[in-house]
Amino acid sequence: MNFVLDAQEKSLLEQIKTKLPEIGNDRSKLIPVLQLIQAKLAYLPAEAIHVVAAHLDISPSEVYGVATFYNQFRFHPPGKNAVKVCLGTACHVKGGDIILENFERKLEIKEGETTADREFSVDRVACVGCCALAPVIVVGETVHGHMQPSKVEGLVLRARIEKEKQEREKQQK
Ligand code: FES
């Protein structure tokens with residue numbers, strides 16, 4: 001899915017464009033430029049890939065090819081509820097992959113993707129450092145230990161109810 005840039009992302013991309021001449025347009029700058037964009041936007045939207053390609057005078061498919069080679073880059077915006085499922089050894093042994101599958105099924109997206117409403121994204125991560133709580137997921141900044149596949153639905157539902165509540169409160173103001 002290609003996400004439409006929101007106003008803030010558009011403005012950040014415009015700011016980045018003004019900085020590119022300082023960085024230079026040598027091909028060796030490709031990774032640093034991609035890192036700069038990801039640091040500002042938290043992902044590499046298609047528009048940014050085209051900006052980089054034009055700046056370095058290479059094709060967008062070449063930029064995309066290089067970017068996809070490195071798993072530090074993501075191509076979907078992080079969701080408001082960014083779900084990270086730990087698949088380090090301890091969590092994998094305790095069924096982390098089943099938890100990941102449950103999120104993918106419930107949210108109808110694949111790992112590395114974001115729901116159309118940008119509410120959820122799902123990613124696999126390596127050990128997050130609390131193996132005693134395996135299997136572990138992290139949602140935003142909150143660690144959920146001893147996670148079970150059956151808890152996935154409740155967690156998604158709670159986040160959606162919370163969002164609706166916030167929207168109602170906003171309308172009442
Ligand atoms: S392997 Fe998951 S927290 Fe260490």
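Why does Arg-118 count as partly exposed? Arg-118 has 15 other C-beta atoms within 10 Å and is therefore partly exposed. In this classification, a residue with 20 or more other C-beta atoms within 10 Å of its own is buried, one with 12 or fewer is exposed, and one in between is partly exposed, the C-beta atoms being placed from the backbone.

The model is predicted: local features need pLDDT of at least 70, side-chain atom pairs count only at pLDDT 80 or more, and totals for chains, interfaces and linings use all residues. Residues are numbered from 1 along each chain as its sequence is written.

The protein chain contains seven helices and five strands. Here helices (H or I, at least four residues) and strands (E, at least two) are DSSP runs, numbered from the N terminus. Read from that terminus, the order of elements is α-α-α-α-β-α-α-β-β-β-β-α. The C-alpha atoms occupy a box of roughly 50 × 50 × 25 Å along the principal axes. Of the 173 residues, 24% count as buried. The assignment divides the protein chain into domain 1 (7–69) and domain 2 (81–172), with bounds that come from an automatic or database domain assignment. The C-alpha centres of domain 1 and domain 2 are 29 Å apart.

The packing of the helices may now be followed along the chain. Two packed helices are described by the angle between their axes and the distance between the axes. The axes are lines fitted to C-alpha atoms, for helices over the stretch in contact, and the angles run from 0 to 180 degrees between N-to-C directions. Angles under 35 degrees count as roughly parallel, over 145 as roughly antiparallel, 65 to 115 as roughly perpendicular and the rest as oblique.

Helix α1 (residues 7–23) packs against helix α2 (residues 30–41) at an angle of about 150°, with the axes 10 Å apart. This angle makes α1 roughly antiparallel to α2. Residues of the contact include Leu-12, Leu-13 and Ile-16 of α1 and Val-33, Leu-36 and Ile-37 of α2; two residues are in contact if their C-beta atoms, placed from the backbone, lie within 7 Å.

Helix α2 also packs against α3, at an angle of about 150° and with the axes 11 Å apart. The two helices α2 and α3 are therefore roughly antiparallel to each other. On the α2 side the contact is made by Leu-30, Val-33, Leu-34, Ile-37 and Leu-41, and on the α3 side by Ala-48, Val-52 and Leu-56.

Helix α3 (residues 46–56) and helix α4 (residues 60–69) pack at an angle of about 115°, with their axes 8 Å apart. Helices α3 and α4 are therefore roughly perpendicular to each other. Ile-49, His-50, Val-52 and Ala-53 in α3 meet Pro-60, Val-63 and Tyr-64 in α4.

Most residues other than glycine have a negative phi, and most peptide bonds are trans. Ala-42, in the loop between α2 and α3, has a positive phi near 75°. Ala-42 counts as partly exposed because 15 C-beta neighbours lie inside 10 Å. Arg-118, in the loop between β2 (113–114) and β3, likewise has a positive phi, of about 60°, although it is not a glycine. A cis peptide bond joins Ala-134 and Pro-135, with omega about -5°. Pro-135 is placed in the loop between β3 (120–125) and β4 (137–139).
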